Every structure is written in structure tokens, then in C-alpha cells.
Amino acid sequence: ADIISTVEFNYSGDLLATGDKGGRVVIFQREQENKSRPHSRGEYNVYSTFQSHEPEFDYLKSLEIEEKINKIRWLPQQNAAHFLLSTNDKTIKLWKISERDKRAEGYNLKDEDGRLRDPFRITALRVPILKPMDLMVEASPRRIFANAHTYHINSISVNSDHETYLSADDLRINLWHLEITDRSFNIVDIKPANMEELTEVITAAEFHPLQCNVLVYSSSKGTVRLCDMRSSALCDRHSKFFEEPEDPSSRSFFSEIISSISDVKFSHSGRYMMTRDYLSVKVWDLNMETRPVETLQVHEYLRGKLCSLYENDCIFDKFECCWNGADSAIMTGSYNNFFRMFDRNTQRDVTLEASRENSKPRASLKPRKVCTGGKRKKDEISVDSLDFNKKILHTAWHPVENIIAVAATNNLYIFQDKVN
Amino acid sequence: INSEIHDFCHLKESKEMEDKVTSPEKAEEAKLKARYPHLGQKPGGSDFLRKRLQKGQKYFDSGDYNMAKAKMKNKQLPAAAPDKTEVTGDHIPTPQDLPQRKPSLVASKLAG
């Protein structure tokens with residue numbers, strides 16, 4: 001129940017939210033700079049924790065509804081409180097996280113401990129005054145967006161208009177207004193009239209970071225469709241279709257499965273987007289639909305292990321990917337608690353490990369290497385020794401600085417660039 | 001004539017070998033087909049997708065449950081298998097078998 005299922009920084013990077021399989025959300029806050037404790041700058045400590053979703057059972061459909069948090073997305077901050085959307089398979093909730101550091105004392109009708117005062121004993125009126133108290137962080141659900149999805153929600157994305165957001169399941173994408181919970185507009189529906197004809201499902205969806213009318217959604221067949229909400233109310237016809245042509249002679253039983261896109265993310269600039277399939281990350285220029293501008297190999301050595309990865313279901317693992325703030329670097333996870341980082345400018349990449357045994361706090365991470373051939377060098381690890389149960393599916397990059405959050409099963413690691 | 005046929009077969013074999021050597025993916029596919037000869041014609045097609053869409057289906061028949069309760073007042077109800085994967089037919093599901101709401105006060109390990 002403690003397995004982390006989503007990680008997300010807020011817009012300023014001061015807050016980091018994690019959701020887990022048990023339906024809980026834990027929010028970390030970055031410590032302010034403190035001259036007396038220079039090492040504590042940039043450390044993230046627990047700020048708030050609350051139960052977002054509970055397990056449910058749909059008796060009508062005989063369906064168990066998991067409380068696992070699939071995605072968390074922050075809203076841009078508009079006042080002192082923080083808002084985030086968290087979703088499980090069926091229901092999206094808007095949570096308000098606010099601080100309370102004052103309380104009123106000196107009420108007329110009740111005591112300090114809340115007991116009602118005897119009205120006949122009250123001889124004078126007093127004005128309550130605000131007194132400081134220990135900081136209390138409260139989370140309260142402000143909106144519950146339910147009953148709009150027949151299938152399992154895989155994505156939510158806040159629009160750049162800050163008023164609407166989308167939620168996507170396997171076959172449909174809905175548009176919501178943050179203030180309205182009893183109505184939702186369906187904007188994409190790929191459900192065929194006859195379910196026997198079903199060939200692909202929606203795997204991820206996201207709004208463009210700057211253009212509030214543009215969204216993209218990826219499919220299990222390795223394609224991405226870009227839709228423009230100005231063209232029609234129902235965006236079943238795409239405006240752009242991104243697919244890399246496949247060499248028919250190299251097609252195998254696994255081709256479609258490993259081409260399934262598990263995550264799609266726009267760059268901060270809005271000019272590019274990247275897709276994550278089982279073995280690679282592809283960077284696309286939105287102006288070119290025919291092929292990606294970059295293809296980054298995450299763990300190509302797994303191509304020779306697809307049979308066993310199919311048997312243990314790992315071939316269906318859904319890895320996420322993320323950009324750094326400047327869109328110059330990309331990060332994604334792999335197995336054995338490894339994660340990969342690619343620098344787009346220098347074309348260099350590195351494999352690092354998130355584990356307590358192999359690194360000490362505040363020590364630099366040592367690059368790792370997987371050996372594919374026969375001769376294994378010292379410090380290399382062979383493909384057959386990789387632990388496929390230790391998968392890093394969720395990672396997040398601070399929106400501005402070089403701070404990354406990596407979720408390794410039920411542990412959260414936060415790494416920073418060394419500042420000398 | 002015999003030698004010509006023999007040469008042709010040899011050519012075909014070496015092309016297949018070449019495929020396996022150059023494409024690890026095809027080699028893995030051959031391995032899979034050898035283990036599961038009846039694997040569907042359309043991989044990643046409807047069956048696979050439909051299974052994905054129906055994830056989590058558990059069946060509880062309140063009629064079955066109540067009838068069984070009435071009949072077997074004194075006998076022990078057959079209990080669910082410990083792994084609780086399929087709650088159908090053979091054994092009578094009980095409210096204990098179904099996922100219960102967990103107490104909300106269990107704190108996350110990250111917050112500890």
C-alpha cells in the first residue's frame with residue numbers, strides 16, 4: 001500500500017506531492033535558506049499528508065475501484081492556499097492545502113476548549129482576538145468530480161487557462177471546469193460501436209502548456225494525435241497525427257506492445273513533446289509529424305529479453321518521462337532502480353541508481369553501466385542480474401533548478417546538483 | 001536434381017539464421033512461439049485490450065450469498081481462497097472477502 005504511484009512538483013518547485021497505492025498523498029516542502037544550517041537549504045520535509053481516496057466497490061458492475069492515486073497535478077497558485085487535483089481510476093478530487101497559524105481566542109458563547117458557556121454567567125461582551133499558534137497544515141477536498149469515466153483514468157491535465165482541465169481514460173477524454181462538478185464535456189471518444197473492433201486505447205493525454213485549445217493524446221499503438229478544440233466540439237478527428245513509420249520486415253509479436261506509449265509530455269516551451277515507449281524516449285517537433293527529431297535509447301539491451309519480460313508482465317510496465325525546466329535534459333526510469341538522464345545539448349547520457357545500499361546521503365552518485373556482451377567489466381552489471389521488481393516508473397524534475405525526485409517502489413529519493 | 005534442392009534448402013536456412021542473429025527481437029518471438037504455440041494471431045489486439053479494460057472485475061451475487069446463508073445455517077460456509085482472485089461460482093463470497101474500507105488513520109511511511 002506504500003508503493004508510490006505518482007510524483008509531481010508544483011509550479012514553483014517549493015512543494016513536491018507524492019501519491020501512493022493506498023490512496024494517500026504526502027506533500028513535501030522545501031526548506032527555506034537558513035544561514036545557521038547551510039546544509040538544510042533545499043531539503044524537502046513533510047508538509048502535509050492526507051487520505052485522498054478510499055477503496056470502493058461498485059456493486060452494480062461488480063468492479064473493485066482501487067484507491068491508488070494515478071496522477072496528481074498542481075494548480076497554479078493564486079492565493080495563500082495550494083490546490084491540487086488527485087485522481088484514482090474513477091474519481092478526481094480537488095484538494096485545498098492551507099496553513100493556519102492563528103486562532104481566535106475570547107469568544108463570548110464558548111470556552112477556549114469549545115464548551116458552551118452558560119449564558120446567564122456572561123456579564124460582559126468581549127471582542128475575540130487573534131493569537132499565534134503552531135503552524136497547522138490542513139487539507140480539505142473542495143470538489144469531487146465523479147461518475148464521468150466508464151474506464152480507468154490514466155491522465156489529468158490542467159489547462160493553461162487555469163479554469164479547465166481534462167481527464168482521460170482508456171477510450172474517452174473529458175473536459176471539466178474546475179468550479180463545476182456535475183457536468184463534464186466529452187471531447188474525444190474512440191470507443192468503437194462494436195467492441196470486437198477495438199484495436200487501440202488512449203494511454204496518456206496532456207494540454208499544451210501555452211495554447212489552451214490544443215491537447216495531445218497517445219495510444220497503445222505508438223501514435224500521438226494532436227487535437228484543436230476550436231475545430232469542433234468533439235475532437236474525434238485529429239489536427240496532427242504523429243507516427244514513426246515502422247520497417248515491416250522487423251515487425252514481430254512484440255512490436256506493437258513495445259511501441260505502446262506510456263507517457264507523453266510537452267516541453268515547457270510548447271515547441272516539442274516527448275513520448276516514452278517501452279525501450280526508448282522520442283522527442284518530437286510539433287511541426288513535424290512524420291518522425292521524431294530525436295530517439296533516445298533507455299535500455300536497448302532488453303530487446304533480447306522480451307520473451308521473459310512478456311511472461312513476467314514487465315513488458316507492460318508504464319514508465320514516465322520528464323523534462324528539466326530549460327528543456328535541455330530528459331529523465332526517465334528503468335529497472336534495477338536505475339534511471340537515465342539525457343543531455344540534449346551535449347548528446348551525453350548517464351545511468352544512475354536510486355538505492356540506499358549503493359550511495360550515501362550527500363555523496364555524488366556514481367554512474368552505472370549495464371553490460372550486454374560476454375565480458376563483464378568491474379562495476380558493470382549484467383542484464384541477467386538486473387532486478388526487474390525494482391522499477392522506477394515515476395520521476396519528476398524541479399521546474400527551475402536541478403533537483404529531481406525519483407520514486408523507487410516505496411521510497412522517494414531527492415537528488416540535487418552539487419553546489420560548490 | 002537432388003543436390004539443387006539441397007542447396008536451396010540450405011540457402012533458406014541460412015537466411016533464417018541471419019534473421020535471428022541480426023534481430024534479437026525475432027529470436028525472442030521464436031522463443032515465445034515455441035513456449036506458447038497457441039498464442040493469438042493478433043497480438044495486442046482485441047483480446048488483450050479487452051482484458052485490460054476489464055481489470056478488476058469481481059463478482060458478488062447477493063442472491064447466491066443469501067440462499068447459501070439460509071441453507072447452511074449450522075455448517076461452516078466455504079471460505080474464500082487466500083489470494084481472493086476470483087470470487088465466483090464454487091465458493092460463496094462473504095462480506096469479509098470483498099475489499100473493505102481501510103482505516104484512514106494509517107500514516108504513510110514517507111510521512112514518518
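1. The accessible surface of chain B comes to about 8900 Å², and carbon and sulfur atoms account for 56% of that area. The model is a predicted one. Of the 112 residues in chain B, 20% are buried. Chain B has 4 helices and 0 strands, and its elements, read from the N terminus, follow the order α-α-α-α.

2. In chain A, one sheet is open and has 4 strands in the order β1-β2-β3-β4, with antiparallel pairing. The edge positions are taken by β1 (4-9) and β4 of chain A; each has a single partner strand, so one side of each lacks a neighbour in the sheet. From one strand to the next, the twist averages 20 degrees.

3. Within that sheet, strand β2 (residues 15-20) and strand β3 (residues 24-30) of chain A run antiparallel and are joined by 5 bridges. One residue to look at here is A:Leu16, whose bridge partner in β3(A) is A:Phe28. A:Leu16 and A:Val46 are 30 residues apart in sequence, with their C-alpha atoms 9.3 Å apart in space. A:Val46 belongs to strand β4 (residues 44-51) of chain A. Is A:Val46 buried, exposed or partly exposed? Its relative accessible area is 34%, so A:Val46 counts as partly exposed.

4. Strand β15 (residues 202-207) of chain A is largely enclosed by the rest of the structure, because 6 of its 6 residues are buried. Its partner is strand β16 (residues 214-219) of chain A, and the two pair in the antiparallel sense over 5 bridges. As an example of the pairing, A:Ala205 has A:Tyr217 as its bridge partner in β16(A).

5. The largest nonpolar core has 22 residues, and the members that touch the most other members are A:Tyr278, A:Leu302, A:Leu309 and A:Ile315. Two helices of chain A, α1 (255-259) and α2 (306-311), each supply at least two residues of this core. The largest share, 3 residues, comes from α2(A). In soluble globular proteins, nonpolar side chains tend to be buried together.

6. Leaving aside residues up to four places away in sequence, the contacts of A:Tyr278 include A:Leu302, A:Leu306, A:Leu309, A:Ile315 and A:Phe319. Among its other contacts are A:Ser260, A:His299 and A:Asp317.

7. A:Arg340 sits in strand β25 (residues 338-343) of chain A. Is A:Arg340 buried or exposed? A:Arg340 counts as buried, because its relative accessibility is 10%, where the cut-off for buried is under 20%. The A:Arg340 side chain reaches the backbone oxygen of A:Gln297 at 3.0 Å. Not counting residues up to four places away in sequence, A:Arg340 also touches A:Val298, A:Ile330, A:Met331 and A:Thr332, as well as A:Asp349, A:Val350 and A:Thr351.

How values were computed
Residues are numbered from 1 along each chain as its sequence is written. Chains are lettered from A and ligands numbered from 1 in the order in which they are written. This is a predicted model: local features need pLDDT of at least 70, side-chain atom pairs count only at pLDDT 80 or more; totals for chains, interfaces and linings use all residues. Side-chain values use heavy atoms; hydrogens and water are left out. Buried means under 20% relative accessible area, exposed over 50%, partly exposed in between (1.4 Å probe, protein chains only). A polar contact is a pair of N or O atoms within 3.5 Å; within protein, one must be able to donate a hydrogen and the other to accept it, and residues adjacent in sequence count only if both atoms are side-chain atoms. Contact means heavy atoms within 4.5 Å. A nonpolar core is a set of buried Ala, Val, Leu, Ile, Met, Phe, Trp, Tyr and Cys residues joined through side-chain atoms within 4.5 Å. Accessible areas come from the Shrake-Rupley method with a 1.4 Å probe; for residues, only the protein chains shown count as cover. Two strands pair if DSSP finds at least two bridges between them. Axes are lines fitted to C-alpha atoms, for helices over the stretch in contact, and angles run from 0 to 180 degrees between N-to-C directions.
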